[in-house]
Amino acid sequence: MSAAPRQISLDEWDDRYRELHASGLVEPAYGGPLRRHFEEGHDLRLRTLRFDNSAASLRLWNLLLTEEDRLRECRRQGRKLVGTMKDLGTVPVMAYAFPNLTAFYPDGAWWIPCVMEFSDGLLRIADSLGIDDSFCPVRAMLGAFLTEAHFPRPDLLVCSVGATCDDFSCIAQRLNGLGFPILWWEIPHRRPAESGEADFLMPGGMTLPMAQVGLVKSELARIQSAMEELAGERLAETMLAAGIRRANRVRRCLEELRRRVFMADQSPLPALELLIAEMMAIHFCSDQEQAAQALEELLVQVRARVESGQGFGSSSAARIYWVNPVSDLRVMNLLEDCGARLCGTDNMFCHALDLIPENLPPLDALAGMALMDPMVGSAAERAGRICQEMQAWRCEGLVISRIPGASHCAWEGQIIADLVHDRLDLPVVELEVPPVADAFQSSLRSRLEALVETIISRRTL
Amino acid sequence: MKTVIYECPFIPAEWIAAHGLRPSRVQPPAAGAILSLGSEDGTCPYARACLAAFFHYPGDAIVYTTTCDQMRRGCEVTIAQTAKPVFVLHVPKTWEQPEASAFYREELLRLSRFLVSLGGHAPSNSKLSEVLLAFDGARRQLVELRSVATARQFSEFIARFNQAGDPGCMVDIRKVFDAAPPAALARKKIPVALFGSPLMSHHYFLFDSLEKLGGRIVLDGTTTGELGLPGLMDRQAIREDPLQCLVNAYFGTIPDAFRRPNDQLYTWFREKGLERGVRGILFRHYVWCDTWHSEAQRLKEWSSWPVVSLETGEETQLTGHTLARLQSLVEMLQ
Ligand code: SF4
Ligand code: SF4
């Protein structure tokens, strides 16, 4: 079933799919040819992308692109749906600790305008509600809630606010004003513990002020109560601990996957599929078990490629660290077209890739992890982790992808760029990527090519 | 005496004053090209203006809050570029649970430790009560001026009061008013509410421009105006638990747009609007200010009063665009 790694188009996937089937591919229930998402789901962007040709990546894409169906099926089966907004990887862990709750991530509507090439009309709905393009593409979520065309109305809607972006906080408030009840919970701006102040030690050595951990813990306890009411059962500490272990199964898998991808001589997984894989850590694509299995299959594939010395692109490709997710997925392909490969990422949720401590009381552990979110702390701290990872993964350049309209990007980009430049003396490019970047393709290409040229020329110095 | 500067209405001046330091709430002029404060594209002009003012304004320490992401992140630029001590106070956006106001109270205590590190003294309850009573008394005098001063005067007096950080400033404010009392309040003009993003120090021309066109601002619903005033305090409560009184007056009453949920903002606005006989709303927000911009359409859907919204940048005088918006508001109401 395995073929040499190659990036193939949607059309080429038709033949590849037949080939895989002929050689005995067994797929999960959500399996099938990629083309159906384009034809039936109107995921028009797929025709412009190039995909990894492995069966494992096919499964990953199918898991991602069937989430809407899965949510409707959950509703049909009587499972309760929890929309976890602006929470990158904490509340879903708790939700999946209940046997009859399914968490999903309404913020994921961020990518719908890209994937459907605006045919969804979601941004127009946001415009009509006064949330125009001065807000981040997550504004598509408003339309998704109102039309219910992409996910059913959840039974419980939870949103973190406090040290979060203004975009999301305002969009969620707009949603609330339109009659969607929201359970708001506070995440304070992370700061170091002050001298003499009680602190809480996280694995990795970061100390958090106990007062902040206490606040988040009480907020999570409130969410827990709401979920217990919804689920009709109490969440025993052992259940939450088991939920954390299940989340860690996914995180462990991603940790190895990322390490192998970033450290291999030749990249064993394209940038696009890596981005999709990382996304699984936040919300498990509405099926935690399937997310874990899909990632494990992908890891097996990556290990096999590394062991057999197979991969994508050239082993001399420029090693890039990428900051912030791209609103247009196609740009991940473009990066590789320009002679680069992904050797590190900070898609704003690196804390959701770290293992949740299993030796702490579960609610304390979750509260601590929520506070480790790079976006609730300072950009300088975020930049510090980026520098460490760039060194560990031998990155040669940094791309900061600015998100159109995002309240954090204009301020943090410069801080991150300056720190990376000062500490590592590596080239940095900051570029803005709109949801469909076709019109900017040539300028994006020339900026990325210039970065690659700079990296290559610095190698010979 | 050391001066502690800040911009946010959720920093209680009384708390700083009770530590023996001078509080001064900055109302910034436009940043213009004074400083390189990161990219203009994507940054709120008011946040940029605050950063610039913090660099230039005479002050010994700066207090930031986290009420909006732009300021939270702008704070990092300040920290990187100034030698002055900077303190960041987290004001919870949620407020419905007692834990939120308890956290705010804890943050005030943390601020106290910072103020002590600057040379201040943590106040006893009786000292704090004394300061609270003085500020509250002065604020009552300030609020009384509203019915006799012009709208512009009243809003400027609020800014002056905030900047002075001293209840004694009411003597000067009174003098200024007595020296130039309004000949007659423009009662015949159409009563309008100003609502939205805070004003920079040179933005009061809006009041005059509107008056020239036949309108009159009767409610300054910005955080640099009435919206940012803490609630008046109960004297008995001040004596019983002055710190909690402070928490209640600030965290418990200022209905800013960033709060979640922020329905209290609309309740406040409706009450004041009805009380003042408002007939229309001038809604104003800065470009890239999500916090207020996102309320524009909601306000239109909610309001039975006509609303004209105005997006502004750093302009220091009346622009053609602003004039056209003011004209359309007045014409709509005539
Ligand atoms: S991309 Fe940035 S601005 Fe948009 S929702 Fe995420 S954190 Fe907020
Ligand atoms: S005007 Fe808006 S964006 Fe600017 S500092 Fe104030 S709340 Fe923040």
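1. A word on the model. This is a predicted model, in which local features need pLDDT of at least 70 and side-chain atom pairs count only at pLDDT 80 or more, while totals for chains, interfaces and linings use all residues. Residues are numbered from 1 along each chain as its sequence is written, chains are lettered from A and ligands numbered from 1 in the order in which they are written, and side-chain values use heavy atoms, with hydrogens and water left out.

2. The interface between the chains. Contact (heavy atoms within 4.5 Å) involves 50 residues of chain A and 45 residues of chain B. Together the two chains bury about 3700 Å², with 54% of it on carbon and sulfur atoms; buried area here is the accessible area (1.4 Å probe) that two parts lose on being put together, summed over both. On the side of chain A, the residues that lose the most area to chain B are A:Asp166, A:Gln173 and A:Trp411, together 21% of what that side buries.

3. B:Arg110 and A:Glu194 form a salt bridge, with their closest N and O atoms 2.6 Å apart.

4. Helices (H or I, at least four residues) and strands (E, at least two) are DSSP runs, numbered from the N terminus. The largest share of that side, eight residues, comes from α9(A). By residue class, the side of chain A that touches chain B has 21 nonpolar, 17 polar and twelve charged residues.

5. Two domains in chain B. The domain assignment gives domain 1 (3-123) and domain 2 (129-230 + 256-333) of chain B, with bounds from an automatic or database domain assignment. Their contact takes 36 residues from domain 1 of chain B and 32 residues from domain 2 of chain B. The two domains bury about 2800 Å² between them, 58% of it on carbon and sulfur atoms. In domain 1 of chain B, B:Arg25, B:Gln27 and B:Trp95 lose the most area to domain 2 of chain B, together 26% of what that side buries. Two salt bridges are counted between these domains.

6. Backbone details worth a look. A cis peptide bond, with omega about -10°, joins B:Arg260 and B:Pro261, and B:Pro261 sits in the loop between α10 (242-250) and α11 (263-276) of chain B. B:Trp288, which is not a glycine, has a positive phi of about 75°; its place is the loop between β7 (280-286) and α12 (290-302) of chain B. A:Cys285 is another residue other than glycine with a positive phi, near 55°, and is found in the loop between α12 (271-283) and α13 (288-307) of chain A. A:Cys285 counts as buried because its relative accessibility is 0%, where buried means under 20% relative accessible area, exposed over 50%, and partly exposed in between (1.4 Å probe, protein chains only).

Definitions and conventions: Salt bridge = Lys/Arg side-chain N within 4 Å of Asp/Glu carboxyl O. Nonpolar A, V, L, I, M, F, W, Y, C, P; charged D, E, K, R; others polar.
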